[in-house]
Amino acid sequence: MTRIIPILIYLVLAPIIGGLLDGIDRKISARMQGRIGPPLLQPFYDVKKLLHKQKISVNKSQSFLILCFCITQIFTGCLFYAGSDILFCFFILSTGATFLVFASAITSSPYSTMGASRELFQMMVYEPAVLLACVGLYLATGTFNVNEMIQKHVSAVLFLPGFFVAYVFILTIKMRKSPFDFSTSHHPHQELVKGVTTEMGATNLAIYSITEWYENVFLLGVVGIFIVNENPLSYLFAVIVILAVCFLETLIDNTCARVKWNTMLKSTWLVTLLAAGVNLMVLMLGR
Amino acid sequence: MANVKKSPWLLHYDGSSCNGCDIEVLACLTPVYDVERFGIVNTGDPMQADILLITGGINYQNQSIVKQIYDQMPRPKVVVAVGVCACTGGVFKECYNILGGADTIIPVDIYVPGCAARPQAIIDGVIKAVELFQQRSDEHDALEKSKKKK
Amino acid sequence: MVPFLICFPLFVALLMYVIKVNKIRNIIAYISAAVVMVAVLIMSVLWVMDGCNAILLYYETEIVDKVILSVELLLMVIVVYLCFKYKKYIISLLTIIPTLLIAYVEIWGPKRDMINHIRIDYLSILMCIIIGIIGGLIIIYAVGYMHGYHHHHIEIEDRRNYFFMLLFIFLGAMFGFVLSSSLLWIDLFWETTSICSFLLIGYTRTDEAIQNSFRALWMNLLGGTALALGIVYQIYEMNNDSLQYLVGMGSWGFSSAVIPVALIAFAALTKSAQMPFSKWLLGAMVAPTPSSALLHSATMVKAGIYILFRLAPAMTNTVTGNMISFIGGFTFFVASLIAIAQSDGKKVLAFSTISNLGLMVACAGVGESETLWAGIFLMIFHAVSKSLLFQDIGATENAMHSRDIEDMHGLLYRLPRLGAFMFIGIAGMFLAPFGMLISKWSALKACVDDNNIVMVLLIVFGSATTMFYWTKWMAKLISATNEPKIKDITKKNELISLSIHAILMILLCISFPILSKVYVVPLLKEMYGSYVTVLSMSMLYTLVIIICFIFAIPSITFGYTRKLHENKKLAYMSGINEGDNSSFTDAFGEAKKLQMSNWYFKDFIGQRKLMIPSEIFATVLLIVMLSIILGGALL
């Protein structure tokens, strides 16, 4: 039972929180650009409208794969909030992401296919940092199990500053923020039209947006894991850190220009190696 | 009947215009006019668009393109012709290569006059288009419902 | 059973060579492949009914020893003859020196203690099952494939009798290899597989094939030389040639075991195509598909892995172990990087084989029971899925006359059956619910527990790159296409082999917790005496439930989406889609075919760019490490 309640809470609250964060992001972005910006609830209006449009698709299997992507990502979040193995969560997450790649590639449309290979490339770029974050959490807490991780005396981040930096760095890729938003972007200005989402219209795009909300809540939850310990106050602190990370992402998004793939690969792997790798070395040699 | 007014996404197509109207359309996105406060997004993808903004007249080369992009948009959809050229062909009307306004190819709902059309006029047109979009969305919903009943 | 398993294939090989009528030979090949499979199964069942204990056989073998020595000398003569025929004189030294050395030691060397020459235990039974089932299926497949092969390649002389003879000799040698416990016997079978692979690679007799086959020969013979040196050293130090004894001494930390272990491990590196020696496996691509499948997936390369697994307890926390695990991890990462830049399907498979073998080698090098658990599962899954992929790509090539991944756009629609098999094979190689990933996962866990920083980093980066090249291939397979269907000329026997592989793959994925419990864990207990679980049993069962769920997601959503009424739209091509989603209007107003290519980064991480530096790096590393080990042990 104790595992079902967080899952239910996640299922209900994640899209709300994810959507709100999206709305806040758009609002803050607009303010940074000297505009008033859309209403806070704009992401929900968008999804509502998309659901009311005519159902369209380019390829028969497209909607099927997008739905697979959606359910797999939600499933990952459920596993995570139910407190299971974090490494496993990320493995399932990457399976889900491959469904997205398939959904885009199956259309054989040029923009979408290129978006798909870029998405795949992004996956390759962020995967090491993600796996290393799991390894770091394991080294700091002695378990891969999320439930046990959050019941330690001290926050894991104290041992894992490098891993945290690397994880936040790749969060920029994962959350599709500039400068690393090159498979698709939230802004409509991209050389690839809309990248992976080019051929998604109406319902499919709505499902994609909702999935993204779920996914973001999961990814930010992992940020929380770095902070949370047995002290209830740490939850509050975790929320503050998560919001700070979100703000940081928005800020980066608005101040950086999109980079090319090789810059992305080199910078991300360098940061991963320097921050997480050095941290790993310190932790392991210290054991 | 869902309220879809709050999220009209635009697709901007530049026909054979002199770029005057296009600059004015883009001006609507700047901090001065900021159409995003109405939830308007200038998307580049017909699959995701609700309102098609056309500037400039239709010529022999782009007629099929406009037709295809219009077809790719999911229903309900609204077309706005921005500027005189898109409305009627404007000063280029008698050119050898010009067919005329946007309505020679696709059904246009809202005509925004001007050469170039002012941002205020464009926003005005878009707001009108949004009303129409809501109306069509309601019709679309009703149609879907009756289909389901059958 | 044991002599039957080894000698029956050799006998059949003789038959294969003698019988010139294709039809009769094919039938005999079918029957004998089936007999081999059945024999393997019977042996395993008998062994299980016997209580799964290690069975030791052949205590007194003077006559057999003599036979083995003479066969070894015969092999030497054959190789020397071939080397002189093709004017590769230096290579012949690599076979003359070790063989004469072994012969000298055997005849005039110190008196050896009596040992058991054959040992049947968990690991060898597992290997036998892999070799028997996969090898047998490959032979069944080969019958159909070679028919098509010679149909298309008329310029190549039809020497099928020779080809099948080699395949069967190979099988027999592999059985002998995994069942022997005497290193002198192992050496013979080792040399036999080396020479068989050399002859198989050179089958087509083109210049390229001959060159590649000699490369394979010298690399493998170099390993053989190291193996022989190790054996000789062991005989002088310990007065016996028992592998078990050596491993026991090694794991107790006796310094006399260090050098033989290091030398044999080095030999294993050459056999399993680790970094400085990777090129021979790539060169093996010129051979007809069944031989590359046999070399890559089930047998040849697994021989190196097998011997490393055997040595693993003796390598725990030693310099040798560090060397092996580092070379393995390094190969895993570099080969997967290079695989990204390949568009030839077979080459991708070759690099991925090297890469996966690297991971297994690394698992063995770390030498903990946890990493070995991962390594054994990797080996099982890899054998099945690689064999499936190789055979499939061979059949695909026969059907569409290309094995370039770029030409496989929409293969799932053009060649539905082969496309689907390929999809299953690739999914088995890396996708989350399947076995390879679980092994990678536990390897990562075990390396973290072992405080092995470099290995953790290499695994983490290597698994990212691995995912990239597989997924882009899969995406290519499923992309929509308007191209017409290709006539599927796959023979029935090829299909049988492919389907059994695919079914095996899926069964393995579902049943791996049981496999782990009833087989792999006892295996490790036998090797290490104790076993600490990496992934608890409850964890594994949850995994299976999750796997079923992941399988369920597509099926449920498929049912749902099939009922959906969607309006089909044209793909977006800036409004110039010609209406068929596969061509656009060009600047002249004409339809132009759309071509979409995957990403290869050839200038960035291509074979040319990475191969030589990493080979040099690995060579230097190997030399330095080996000198440290040998110097440390001798001084």
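A polar contact, as I use the words here, is a pair of N or O atoms within 3.5 Å, where, within protein, one atom must be able to donate a hydrogen and the other to accept it. Please keep in mind that what you see is a predicted model. With that rule, 18 residue pairs are found in polar contact across the interface of chain A and chain B, both residues of each pair being at pLDDT 80 or more. On the side of chain A that touches chain B, helix 2 (42-51) and helix 8 (202-227) of chain A each supply at least two residues, and helix 2 of chain A gives the most, with six residues. By kind, the residues on that side of chain A are twelve nonpolar, nine polar and eight charged.

The interface also holds five salt bridges, and one of them joins the side chains of Arg26(A) and Glu36(B), at 3.0 Å from N to O.

How much area is buried between chain A and chain B? The figure is about 2,400 Å², with carbon and sulfur atoms giving 54% of it, and Lys49(A), Lys53(A) and Gln54(A) supply 26% of the area that chain A buries against chain B, more than any other three residues.

Strand 3 of chain B runs parallel to strand 1 (residues 9-14) of chain B, joined by five bridges, and Leu11(B) stands opposite Leu52(B). Strand 3 of chain B also pairs in the parallel sense with strand 5 (residues 78-82) of chain B, where Val80(B) is the bridge partner of Leu53(B).

Conventions: Residues are numbered from 1 along each chain as its sequence is written. Chains are lettered from A and ligands numbered from 1 in the order in which they are written. This is a predicted model: local features need pLDDT of at least 70, side-chain atom pairs count only at pLDDT 80 or more; totals for chains, interfaces and linings use all residues. Side-chain values use heavy atoms; hydrogens and water are left out. Buried area is the accessible area (1.4 Å probe) that two parts lose on being put together, summed over both. A salt bridge is a side-chain nitrogen of Lys or Arg within 4 Å of a carboxyl oxygen of Asp or Glu. A polar contact is a pair of N or O atoms within 3.5 Å; within protein, one must be able to donate a hydrogen and the other to accept it, and residues adjacent in sequence count only if both atoms are side-chain atoms. Helices (H or I, at least four residues) and strands (E, at least two) are DSSP runs, numbered from the N terminus. Ala, Val, Leu, Ile, Met, Phe, Trp, Tyr, Cys and Pro count as nonpolar, Asp, Glu, Lys and Arg as charged, and the others, Gly among them, as polar. Two strands pair if DSSP finds at least two bridges between them.
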